[in-house]
Amino acid sequence: MAMYIKGRYNIYNQEAELNMFGKYDKDAPKGIKILFLPLNWVLKLVLRPENSIETYRNQLEKIPPLETKKSNFQYFRVKVKGNLNDTDNMQIILKRIK
């Protein structure tokens, strides 16, 4: 997995507004299970699809390279907004970029 993080963080009140863009090799999670469920299923359940590859093209190009075929990448985005020490009131959005 490789990631690129962009956003703002206020050190005084610990408020953050971050977009984390990442990619991983689709074959890497094969054979790994979490609570008896294949990791690929968990990732598809958690990372809902979003048709926004053109919208985020510039940010996706800044993600460091992986040692795998380009056609085997899965891009994703995590948006975090709120106080990093108050997870009850923090907004987190997880999306799979298509």
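Visitor: How much space lies in the second largest pocket?
Guide: About 160 Å³, taken as the space filled by probe spheres set on grid points joined across faces, edges and corners. A pocket here is an open set of points on a 1 Å grid over the protein atoms alone, where a 1.4 Å probe fits, with protein on both sides within 12 Å along at least five of seven lines. This is a predicted model, where local features need pLDDT of at least 70, side-chain atom pairs count only at pLDDT 80 or more, and totals for chains, interfaces and linings use all residues. Residues are numbered from 1 along each chain as its sequence is written, and side-chain values use heavy atoms, without hydrogens and water.
Visitor: Which helix gives the largest share of that lining?
Guide: Helix α1 (residues 39-46), with 3 residues; helices are DSSP runs of H or I, at least four residues. The lining, meaning residues with an atom within 4 Å of a point, includes Tyr24, Asn40, Leu43 and Arg96.
Visitor: Now the sheet. What is the strand order?
Guide: β1-β2-β6-β7-β5, open, with mixed pairing. Strands are DSSP runs of E, at least two residues, and two of them pair if DSSP finds at least two bridges.
Visitor: Which strands stand at the edges?
Guide: β1 (2-10) and β5 (48-50); each has a single partner strand, so one side of each lacks a neighbour in the sheet. β5 pairs with β7 (residues 91-97) in the parallel sense over 3 bridges, and Glu50 stands opposite Ile97.
Visitor: What does Tyr56 touch?
Guide: Phe21, Glu50, Arg77 and Ile97, leaving out residues up to four places away in sequence; contact means heavy atoms within 4.5 Å.
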